[in-house]
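Dear colleague,

Please find below the structure that I am handing over to you. My notes on it follow directly after.

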Amino acid sequence: MSTRGRARRSLRLPTGRRAELATALVFILPALIGFTTFYLVPTLRGIYYSLTEYNLLGSPTWVGMDNYVKLVHDPLFWNALKVTIWYVVLNITFQTTIAVLLAVLMQRLTRSTALRGALLIPWLISNVIAAMLWFWLLDYQIGLVNQFLDWVGIHRIAFFGDEVWAIPTIAFVNVWRHMGYTALLVFAGLQTIPNYVYEAASLDGASEVTAFRRITLPLLRPVLAMVLVITVTGSFQVFDTVAVTTRGGPVNVTRVIQYYIYQKAFGEGQFGYGSAIAVVLFIILAILATLQLRLLRAGDSDLA
């Protein structure tokens, strides 16, 4: 037998392995079709449209990098990016901190299934419904929160209408909605930490605070890295809360980048320019996710 024939035979999979591969492909195929249809193809089309001038009423006109040049000199884009970053900082700081504390409390005090279910209730509510609920509760005239402030002698606050309060209020609404889900993700990570580690620390005289700082946080690093990538990516894409409550106002202080994309594409018909902003946002999120995973060493575990 020739060398080429022996090499060809060595590359062939055994019958059992070929059957396993075929079975795996059958199970992967639906997800692959969904990914291609709803993610890959729209992404490639968005990149193409970002290099064109397009308004749905005609054929796309190739303009090359003109949309990106326009974007660099667009003050509203830079304002939207600045507003979005401020929102992300508020949302991630409070959401992650509260979620970790809730997860530790569940781990140390109770593991009630009912409590875990209660934490998930806000997350199960639609974003639009949650935004409308808090928009009513925080209304300047008839909102229950402002009526309570008035009753205790504190001046009413235009939570969604004040330039200072608008973004923190939107961040609060989304922290309230997502912190339970994030807490359960962190709680799942806590289950992987062996009890004997805490027992050894207790024998050495470590307090609860010391054990949390020296044991819990380092061992949670891979889980926290995953949680931060998910929450940061989701926070940069905030849209519905703004669309339902402030619509970018007052005076552009809540015009986040996703809402700006929506306004340019669907409000003004500039689909090419809106696609260019979306591509830039995609690149920003890809860079941030990579940096987070590298800096937090998500692939390493101190339990090994």
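Is the crossing of α4 and α11 left-handed or right-handed? The crossing of α4 and α11 is right-handed; a crossing is called right-handed if the near helix is turned clockwise from the far one by less than a right angle, and left-handed if anticlockwise. Helices here are DSSP runs of H or I with at least four residues, numbered from the N terminus.

Before the details, a word on the basis of these notes. This is a predicted model, in which local features need pLDDT of at least 70 and side-chain atom pairs count only at pLDDT 80 or more, while totals for chains, interfaces and linings use all residues. Residues are numbered from 1 along each chain as its sequence is written, and side-chain values use heavy atoms, with hydrogens and water left out.

Helix pairs

The axes of α4 and α11 come within 9 Å and cross at roughly 145°; axes are lines fitted to C-alpha atoms, for helices over the stretch in contact, and angles run from 0 to 180 degrees between N-to-C directions. On the α4 side, the residues that meet α11 include Thr 84, Tyr 87, Val 88, Asn 91 and Val 100. Their counterparts in α11 are Leu 224, Leu 228, Thr 231, Val 232, Ser 235 and Phe 236. By class, this contact of α4 with α11 has 9 nonpolar, 6 polar and no charged residues. In this classification, Ala, Val, Leu, Ile, Met, Phe, Trp, Tyr, Cys and Pro count as nonpolar, Asp, Glu, Lys and Arg as charged, and the others, Gly among them, as polar.

Helix α4 (residues 75–108) also meets helix α8 (residues 166–190), where the axes come within 6 Å and cross at roughly 40°. That makes α4 oblique to α8; angles under 35 degrees count as roughly parallel, over 145 as roughly antiparallel, 65 to 115 as roughly perpendicular and the rest as oblique. The crossing of α4 and α8 is right-handed, and their contact has 23 nonpolar, 6 polar and no charged residues.

Val 197, Tyr 198 and Ala 201 of α9 make the contact with Ala 211, Ile 215, Thr 216 and Leu 219 of α10, where contact means heavy atoms within 4.5 Å. This contact of α9 with α10 has 6 nonpolar, 1 polar and no charged residues.

Nonpolar cores

The largest nonpolar core has 39 residues, and those with the most contacts inside it are Phe 77, Tyr 87, Ile 257 and Ile 277. A nonpolar core is a set of buried Ala, Val, Leu, Ile, Met, Phe, Trp, Tyr and Cys residues joined through side-chain atoms within 4.5 Å. Buried means under 20% relative accessible area, exposed over 50%, and partly exposed in between (1.4 Å probe, protein chains only). Helices that each supply at least two residues of this core include α3 (66–72), α6 (127–137), α13 (257–267) and α14 (271–295); α4 gives the most, with 8 residues. Leaving aside its neighbours within four places in sequence, Ile 277 is in contact with Leu 71, Phe 77, Ile 257, Tyr 260, Ile 261 and Lys 264. A second, separate core of 19 residues includes Met 106, Phe 187, Ile 193 and Ala 211.

Individual residues

Arg 177 lies in helix α8 and, at 8% relative accessibility, counts as buried. Apart from neighbours within four places in sequence, Arg 177 is in contact with Pro 122, Trp 123, Ile 125, Ser 126, Asn 127 and Ala 130. By contrast, Arg 45 of helix α2 (residues 15–49) is partly exposed, with a relative accessible area of 48%. Arg 45 and Ser 275 are 230 residues apart in sequence and 9.0 Å apart in space, C-alpha to C-alpha.

The loop between α12 (240–244) and α13 holds Pro 250, which a cis peptide bond joins to Gly 249, with omega about -5°. Arg 247 is found in the loop between α12 and α13; its phi is near 55°, a positive value in a residue other than glycine, and at 60% relative accessibility Arg 247 counts as exposed. Asn 252 also has its place in the loop between α12 and α13, with a positive phi near 65°, and counts as partly exposed at 22% relative accessibility.

With kind regards
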